[in-house]
Amino acid sequence: MIKNKTMDKRIETIHTASDYISKIIGGMTPEIGIVLGSGLGRLADKIVDKIEIPYKDIPEFPVSTAVGHEGKFILGRLGGKQVIAMKGRIHYYEGYGMNMVVLPIRVMINFGIKTLIVSNAAGGVNFDFKVGNLMIIKDHINLLPNPLIGPNIDELGPRFPDMTRPYDLKLIALAKKVAAEMDIEIKEGVYLGSTGPSYETPAEYKFFRRAGADAVGMSTIPEVIVARHAGVPVFGISVITNEAHDDYAEDYVNDGNDVVAAANAAAVKMTALIENMIKEME
Amino acid sequence: MTNIEAIHAASHYVKEHIGGLSPEVGIVLGSGLGKLSDEIKDPITIPYSAIPGFPISTAIGHKGNYIIGTLGGKTVIAMQGRIHYYEGYPMNLVTLPIRVMKVLGIKYLFVSNAAGGTNFDYSVGDLMIIKDHINLLPNPLIGQNLDEFGPRFPDMTRPYEPSLIKKAEEIAEKEGIKLRKGVYLALSGPCYETPAEYGFYRSVGADAVGMSTTPEVIVARHSSIPCFGMSVITDIAHATDDEDYVTDGEAIVKAADAAADRMSLIFRKLIESL
């Protein structure tokens, strides 16, 4: 439980939401937090002995309005460990302030998670990536507002958190080992987060590629920054749902439903990978 | 008042003052490019200050009126002066005039601006067709989606209509007007770019840089309105700035003025061809 020495309103909000959840889950102590991105909710079906808590029932909680996001916490066991999963995240493009976007992460931190696993559907910027590829996020470029702007919450972490290793090297090594054992092809790359909600123009894709991005999306990074602020190790994975083009053909069409469909197909692989990783985690 | 109510209240006021006209083309006239509005026949002028909920343009060289009338044989609605994010207005007000034009039923949006050239080949007074953009301003669609206007995640594969670009190039060739074609990068301003920032923008693919336009285009594309955009290059890139080099707003307005005639001609002919 995060202490509230400074009577910070933001910590009060975290406590209010956590108290509600505590009453429902009793003495469960989730070890691993999981954020399930667009169309990647399937992993939640693998959780056993589960308790579901819709965000709309949690005091102070924002409600996820994005396509393919249901908006609930699912607590239970996965790969033999206690987990708390977010089926549906809060996106900045929905119009929420960053405090609201990261509130669910801070609630999970308040419950004492030791690891955070984040997933998302992302557009491929790297020409080698195909729709349905899985990409381990090895690093990120944040073009969203920083969620730590404002008075620092000292109870959670330092004013200037280090970002040298946003994604835990041991977890990346574990993912590669597990993927090899399962014969799952896996890419590794840099995720760039921008606000959306409009998709990128071809010129923006080029810019991001030149700047070192392999994939682009509208989420994840605020969650990772907040977790790293609190010293929680993070593993991130993107499902590539869109392929990069240099010049777009006249009949090229891009729509959100395709993204959800492509994510669904790759979600099976991602689900198995994460479940096996959790089994092997210490 | 919600965002959507504000759009409808403003649209209602404009409709009441244009006597049954239904504009087909919306035009946004950038810094110093207001001249085109002189060519609009039988103009009805509606100052932004008279429209309920409308922001007032405070930028140099921007008058702040809608002008409705005939240009190139079509009914048009022109914005003589746009709203900039750097003026301190939130994005829903910056793009309110575009949403109003959508409600009035425009089929095309033409946007223009004065921009700094990041491409070393460009000279002051050049005209550049905007073929694509890089948006470094806040996205105007952040917030609850206006489902009446378009989808949650609008595609941006073709922000600028390829068939209009092609027509404009044909017109320019016939008229003997030299055209550039490039990528416009938008940022908030209001300070001009540092030499290092110019270098950054050039290295990521920008040909010109300015403080407007992309929010308007994103909102128009949200509603699937085909867009045509043109920049007047009013400032040129320097690799490292000379000690005596000065950028000032007045010079920009002057350079834009000189190029405005050629741009007006292309806009008028392009509208004629629609």
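**Charged pairs and the chain interface**

E175(B) counts as partly exposed because its relative accessibility is 34%. The model is a predicted one. E175(B) and K269(B) form a salt bridge through their side chains, at 3.5 Å from N to O. E175(B) belongs to helix α4 (residues 162-175) of chain B and K269(B) to helix α7 of chain B, so the pair ties together parts 94 residues apart in sequence. K269(B) is also partly exposed, at a relative accessible area of 28%.

**Other salt bridges**

- Over all chains, the whole structure holds 18 salt bridges.
- One of them joins E39(B) to R268(B), with the closest N and O atoms 2.9 Å apart.
- E39(B) lies in the loop between β1 (25-29) and β2 (41-47) of chain B, while R268(B) lies in helix α7 (residues 249-273) of chain B, 229 residues apart.
- R82(B) and E216(B) also meet in a salt bridge, at 2.6 Å from N to O, and both residues are buried.
- In chain A, a network of salt bridges links K177(A), E181(A) and E280(A).

**Interface of chains A and B**

- Contact involves 24 residues of chain A and 25 residues of chain B.
- The two chains, A and B, bury about 2,000 Å² between them, with 61% of it on carbon and sulfur atoms.
- On the chain A side, P197(A), S198(A) and F207(A) lose the most area to chain B, together 26% of what that side buries.
- Between chain A and chain B there are zero salt bridges, whereas nine residue pairs are in polar contact across the interface.

Conventions:
Residues numbered from 1 in each chain as written. Chains lettered and ligands numbered in written order. Predicted model: local features only at pLDDT ≥ 70, side-chain atom pairs only at ≥ 80, totals over all residues. Heavy atoms only, no water. Contact = heavy atoms within 4.5 Å. Buried area = accessible area lost by both parts, 1.4 Å probe. Salt bridge = Lys/Arg side-chain N within 4 Å of Asp/Glu carboxyl O. Polar contact = N/O pair within 3.5 Å; in protein donor to acceptor, adjacent residues only side chain to side chain. Helix = DSSP H or I, 4+ residues; strand = E, 2+ residues; numbered from the N terminus. Buried < 20%, exposed > 50% of the residue type's maximum accessible area, 1.4 Å probe, protein only.
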